[in-house]
Structure formats: structure tokens, C-alpha cells
Amino acid sequence: MEGPSTMFSLFASFLFIFVLFKTFIKFLVSKRQHLPLPPGSMGYPYIGETFQMYSQDPNVFFATKIKRYGSMFKSHILGCPCVMISSPEAAKFVLNKSHLFKPTFPASKERMLGKQAIFFHQGEYHSNLRRLVLRTFMPEAIKNIVPSIESIAQDCIKSWEGREITTFLEMKTFTFNVALLSIFGKEEVLYRDDLKRCYYTLEKGYNSMPINLLGTLFHKAMKARKELAQIVAQIISRRRQGNQDYKDLLGSFMEEKAGLTDEQIADNVIGVIFAARDTTASVLTWIVKYLCENPSVLQAVTEEQESILKSKKENEEKGLNWEDAKKMQITSRVIQETLRVASILSFTFREAVEDVEYQGHLIPKGWKVLPLFRNIHHSPDNFKEPEKFDPSRFEAAPKPNTFMPFGSGIHACPGNELAKLEMLVLLHHLTTKYRWSMEGAKNGIQYGPFALPQNGLPITLYSKN
Ligand code: HEM
């Protein structure tokens, strides 16, 4: 039997350890609070340096700051104090320590996409969604939809033949249809027009002032969002009445084990369309431009694609398959180099959930942290002659953490395999059957919000025949 004195000494030891632990934590916290902030300037009260950043190319703003203060600096943008980072190690640190840094978006964007969409979450809810999304977009699953992607690509390109098109707008149609295919399977054609009408109204309001008054773009976008959710709800209810097993994303979300409500499913369907469409369409637009500007690269890609076409004809095979896509090594390097040079997502946002010490500096709780992908991809320390478009540089693997077009860590892009596959399929048909010329101004970048060639790259497309 333990006597009262043993109990007391046990209690006293616990108390001692507890007090010691608290003192240690306090010491750490106070030590952190005395750490210096990263170098940099905060600009004017409230507006900070927002005007300096947006009155020029934001990348020039970042490059000037990096030259002056080094790879980590503070600033004040859009009403928020922030730390910008441009070293591969720091970017990896921020993106992989999800317990220290959480994703952050303006409240109006959360409302528009749906508060329960994957991007805005951490923890169990996020990992459940991620499992469901990854399952649908992993190579083993998307192998099966190559023929359907190919038929979407063929239909789109055929409609461009012999006329001047705005590349980005047409690529958006292609990537939108592929996104719907991955979400709703072959049934997507039934809903394509309605979903397209609503989604295009939604996007018009996405970057507008968040004023929800009758007549404003924001109001129209919120209305369209509601209608989108209703269409998804109807599709869900129709599927519940049948007894079919669906292998698409909606099927994955609807699985009983997934435990998602209809509202959560709708938010994530809209979220995936948002993540999948403009990103992939912007990259494709840049590829069309770079191929046109680099005839020897275009020639190498065309030869690679023609040899695949030839082997198909010899074996009397119809259409592309997953194995063909794996053979497209030169085209894949063109995609990688475009992802690097164009860096369509110049940076992303995180928020420090507590005071964080990084390399002797304090990142205070609540501050935004921006890993600058574009600056990492354009640093001569990471890529020789970074401004040069040279796909052959990817014959060797880049240094660790220097190439992150799809992000890193638990929020890294789960759609990257699908994005690469759909680009390969489209490029196969474009280079083997067509040639094109660029119209109008050939230089200049616009941000909307992804980096894009000026005016969406007008081109004229001709059939080689
Ligand atoms: C070339 C095209 C694409 C690029 C460059 C791209 C890039 C990215 C990046 C950088 C992130 C991480 C953002 C962050 O950490 O803040 C991300 C997340 C995401 N992407 Fe992509 N993406 C592309 C295409 C796609 C496609 C085709 C899909 C779906 C089919 C998709 C679905 C998603 C989703 C759902 C997330 C959120 C993941 C999470 O929060 O866990 N993306 N993407």
C-alpha cells in the first residue's frame, strides 16, 4: 500500500515538472519575442506597400526586395503584415510545417468557392478529402480516361481550325471539359452547358469588389454559385436513385465511408473545377507561345509525336493510351520548362498559427508568409541562365526543392498527373496535325490572377493538310 507521504512526493514531483515545463515554454516564447523581424520595409500605415507591388510587375517588386534584403524579407500588403521567402529551404519549411503555417484566403474568395472546399482546411477533414481526391487523380485511375480526354482534345482543336482564336479562352474550354470529365465521368456532356454558363458567371465576379448588392458582379457570381450547387445536388440525387458504381471524383465523394454532406461535396466539386481549369489552360497557352518562338524545340516535339502516331498506324491501334503518354519524354520536358519559366502561380499564401523562429528571425503569429515560387524558379543559383527557355535542362533532375510548380507538403497539387496527361494529349494532336502563327503583340504578361501572355495569346491555326 502506498502511504500519504509517497502520494505527496509523487504530486510534488509532478508539480515541479509542470512548473519547470511552463517556465521553459515561457522562456522560449519570450526568447522568440525578442528575436528580430526579418529585414524589409512596411510602407505606409494600413496600405503598406500594396501600391508599390501592384503598380508594377509584382515579380520586379520581389526581385528588387531580394536584392536589397536577401531571400527573406518583411512587407505589408493588402492590409496584412507579411514575410516573403525565396530560398528553396525556407519554402520547404513553410509548406511542410502545416502545424505552424495554415492556408489563408480572403473571406470573399472562401464564400465564393465554398467554405468547405479542400484548400481552406487542415487536419482530419482535409486529409479525408485529400485521400478521396488523390484516389481519383492518381495514374492508376486516370489511365482509363485517356480516350475520353483525347476525344475532348480533338473536338476542341477541330473547332479552332482556320481561324484566329484567343488561345487562353479556347484552352479554358478544353481544361473545363476535362475537369468535368474527371468529376462526373462520361455523363459530363449532359450537364456541360448548364455548368459552363454558371461557372463563367462565377468567374467574372471572382476578382470583383466583394459587394453583395443587386446588379454587382459579385452578387451575380454568388447567385451562379448557388445554381452550381443546385445542379450538383440534382446530379447527386439522380445517382442515388440508380445503383451504379462510379469511378469519378463525384463517385469518390459520394461513397458512404467518405461521410460528406451534399453541401461539402458541392463546395469541393466547385473547388476542383476552380483549381483545374485556369491553371492548366494558362500553362498550355504558354506552351503554344514558347513552341512558336523556339522552332527547334517545336521540331523535336513534333518528331516525337509523329513517331508515336506512326507506331500506332503500323500496329493498327486507334487512339492514345497511358503507355504512349509515358513515351513523350521531350514533350514532358517542354511542359516542365514551361512550368518553370512561366511560373503561372508566382507565389502562394500561408499564415503563421503561432510565433515561429526561422534562421534567427521571428515570424509573428498571424502574419502572412508568401513562398515566392517564381523567384525560386528564376534564381541563377538554382537554374543556369534562368530566363532562357531550354527544356533540355530537365534531362537532369533539378536540385531538391528548387522546382515546385505544384507546391509542396500536404496541400501540394493532387491534380498534377491529370494536368500533365491532358497537356500531353492535346499537344500530340496540335503538333502532328496543325501549325500556328501568333497574332498581335508577342511580348507582355498579364495577371488574371495567373501569369498569362498578353491578351490571352491570339493565334491563327492551320491544318497541315
Ligand atoms: C498545370 C496545372 C496546375 C498547376 C500549376 C497547379 C498548381 C497547384 C499548386 C501550386 C497547388 C498548391 C497551392 C498551395 O499550396 O497553396 C495546387 C493545389 C491544388 N490543385 Fe492544382 N495545379 C494544376 C492543376 C490542377 C488540376 C488539373 C487539378 C484537379 C483536377 C488540381 C487540383 C488541385 C487541388 C484540389 C488543390 C488543393 C490541394 C489541397 O489543398 O490539399 N490542380 N495546385
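Tutor: C413 is placed in the loop between helix 17 (373-377) and helix 18 (416-433), where helices are DSSP runs of H or I with at least four residues, strands are runs of E with at least two, and both are numbered from the N terminus. The model is a predicted one, in which local features need pLDDT of at least 70 and side-chain atom pairs count only at pLDDT 80 or more, while totals for chains, interfaces and linings use all residues. Residues are numbered from 1 along each chain as its sequence is written, and side-chain values use heavy atoms, with hydrogens and water left out.

Turning to the helix packing, helix 13 (residues 262-293) meets helix 16 (residues 329-342) at an angle of about 105°, and their axes are 10 Å apart. Helix 13 is therefore roughly perpendicular to helix 16, a label for angles of 65 to 115 degrees, whereas those under 35 count as roughly parallel, those over 145 as roughly antiparallel and the rest as oblique. The axes are lines fitted to C-alpha atoms, for helices over the stretch in contact, and the angles run from 0 to 180 degrees between N-to-C directions.

On the helix 13 side, V283, W286, I287, Y290 and L291 take part, and they meet V334, I335, T338, L339, V341 and A342 of helix 16, contact meaning heavy atoms within 4.5 Å. By class, the residues of this contact are ten nonpolar, one polar and no charged; Ala, Val, Leu, Ile, Met, Phe, Trp, Tyr, Cys and Pro count as nonpolar, Asp, Glu, Lys and Arg as charged, and the others, Gly among them, as polar.

L339, which lies in helix 16, deserves a separate look. L339 counts as buried because its relative accessibility is 9%, the class being under 20% relative accessible area, with exposed over 50% and partly exposed in between (1.4 Å probe, protein chains only). Apart from neighbours within four places in sequence, L339 touches V283, H377, F403, P405 and F406. L339 also lies 10.0 Å from T280, C-alpha to C-alpha, although 59 residues separate them in sequence.
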